[in-house]
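Thanks for passing this one along. Here are my notes as numbered points, to be read with the model open beside you.

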Amino acid sequence: MQIGVVGLGRMGANISRRLMKAGHASVVWDASQAAVDSLGKEGATTASGLSDMVAKLTGSPKAIWVMLPHGKITEDTIDTLSGLLGKGDIIIDGGNTYYKDDIRRGKALAGKGLRYLDVGTSGGVWGLQRGYCMMIGGDADAVKHLDPIFAALAPGIGTIERTPGREGRDPRAEQGYIHAGPVGAGHFVKMIHNGIEYGMMQAMAEGFDILRNKSSDKLPEDHRFDLNMGDIAEVWRRGSVVSSWLLDLTADAMAKDEKLEAFSGEVEDSGEGRWTIEAAIEEAVPADVLAASLFTRFRSRQHHTFAEKVLSAMRFGFGGHVEPAKK
C-alpha cells in the first residue's frame, strides 16, 4: 500500500522506515531537504512539496500521514492538503493535536468530501524497533481501508501474555492499535495516556529521590543508608510489581550515570498533561495525582531536585526530549 508522510522528525521518519520494512511504499516530504534525501536513499519516493506529494500518490483513495508538532504548522499543512486532495481521500494527523481541534477540523474536511483520522501515536524514538501503539479516531471505513498500514506500524502480540476473557473482542487491541471512536477520540485517549504517563513518571522519580536522600546528614547517623540507585532500578526490573518500560529507561540511564549529572532536572511539558487536567475539570473528575505531576514540572523550571533529573532521563529515553538550553 502507498502512503504519503509529511514531517520526518524523530517519529515521522521512523514511521516511513517501518512501513517500508513491511513492504509498503512511502512518498515523503519535510521542510528539511536533508531529511527527505536520507529517506530517499532508503527507498522512499521523495517529493519537493505537498503538491508534488499528492501528484506522486497513485490509486484512490490517496492517504497522507501528517506527523508535525500541534498548532499552526499542522493547521497550515492540513489546510493546504485539503485543497490538493480529492473526494474520499484521507488525511491522518498522527501528532499530539488537541482533540477539540480534531473535531473542528474533521467537520471542515468532511464539508470538502475528505476523510480525517486522528491517530494518537505512542512509541517515541523506539517505534521503529518496538512498533507504535495507536489510538485512532474517525470514519470506520477509512480506518478499515488503512488497516494494513496500522497493522504494519503496530507492535503485534509479541511475547506479551494474552489477557484471559478477550475472546470475541476486537483483535486489533491485542495487536497494539484500536479504533477508539469518531474524530477526536483517538487523540483524546492518547491525551489521557500522556496524563497518566506524567503521574507514573512522577511517582517513580519521587521514590528514587527519597532513596537517594536516605544518606542525608539531616538523619541520625544510624538511620542513614548509602543506597545504589542503579542497582535498585535494575533489581526492580526483575519481577517486581513496579516493573515497566519507564523503569527500564531509568535503569539504563542510571547504569550510565547513577547521579544523572548530565541532566539539570528542568522538565518541560508538551501540552497533553495540561489538556488532561482541563478535561478532568470539565468532567468534574478528581485527578489529584495527575494535576500534582503537571505542577511539579512547572516548579522544576525554578528549582531542580534529583527527582526531576530522573524525569528528564526518562523523557530523553523514550522520546529523545532534550532539556531546554540554560538561560
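1. Let me start with methionine 314, which sits in helix H15, the run of residues 306-319. In this predicted model, methionine 314 has a relative accessibility of 0% and therefore counts as buried, the cut-off being under 20%. Leaving aside residues up to four places away in sequence, the side of the list to look at is Met201, Met204, Leu246, Leu249 and Thr250, which methionine 314 touches. For a sense of distance, glutamate 261 is 53 residues from methionine 314 in sequence, and their C-alpha atoms are 14 Å apart in space.

2. At the other end of the numbering, please look at glycine 4. Glycine 4 belongs to strand E1, which covers residues 2-6. Its relative accessibility is 0%, so glycine 4 counts as buried. The residues that glycine 4 touches are Val27, Met53, Leu57, Ala63, Ile64 and Trp65, again not counting residues up to four places away in sequence.

3. Now the chain as a whole. The secondary structure consists of 15 helices and eight strands. With a radius of gyration of 22 Å, close to the 20 Å that the globule rule gives for 327 residues, the protein chain is as compact as a globular protein of that length. Along the principal axes, the C-alpha atoms fill a box of roughly 75 × 45 × 40 Å.

4. A few words on packing and surface. Buried residues make up 47% of the 327 in the protein chain.

5. The aromatic residues deserve a visit. The structure holds eight aromatic pairs. In one of them, the rings of tyrosine 98 and tyrosine 99 have centres 5.3 Å apart and planes at 80 degrees; since an angle over 60 degrees counts as edge-to-face, that is how this pair is classed. Tyrosine 98 is buried at a relative accessible area of 13%, and tyrosine 99 is buried at 13% as well.

6. How are the rings of tyrosine 98 and tryptophan 275 arranged? Their centres are 4.9 Å apart and their planes meet at 35 degrees, so this pair is tilted. Tyrosine 98 lies in the loop between strand E5 (90-93) and helix H5 (99-110), while tryptophan 275 lies in helix H13 (residues 272-283), so the pair ties together parts that are 177 residues apart in sequence. Tryptophan 275 is buried too, with a relative accessible area of 12%. Ring pairs link Tyr98, Tyr99, Phe188 and Trp275 into a cluster.

7. Next, some backbone details to check by eye. The peptide bond between serine 60 and proline 61 is cis, its omega being near 0 degrees. Proline 61 is placed in the loop between helix H3 (50-56) and strand E4 (63-66).

8. Leucine 260, a residue other than glycine, has a phi near 55 degrees, and its place is in the loop between helix H12 (245-256) and H13. Alanine 284, which is not a glycine either, has a positive phi of about 55 degrees and lies in the loop between H13 and H14. Is each of these buried or exposed? Leucine 260 counts as buried, at 1% relative accessibility, whereas alanine 284 counts as exposed, at 67%.

9. Last, alanine 291. Alanine 291 is part of helix H14 (residues 288-300) and is buried, with a relative accessible area of 17%. Aspartate 79 is 212 residues away from alanine 291 in sequence, and the two are 34 Å apart in space, C-alpha to C-alpha.

How values were computed:
Residues numbered from 1 in each chain as written. Predicted model: local features only at pLDDT ≥ 70, side-chain atom pairs only at ≥ 80, totals over all residues. Heavy atoms only, no water. Helix = DSSP H or I, 4+ residues; strand = E, 2+ residues; numbered from the N terminus. Rg over C-alpha atoms; globule rule 2.2 N^0.38 Å. Buried < 20%, exposed > 50% of the residue type's maximum accessible area, 1.4 Å probe, protein only. Phe/Tyr/Trp six-rings, centres within 6.5 Å; stacked < 30°, edge-to-face > 60°. Contact = heavy atoms within 4.5 Å.
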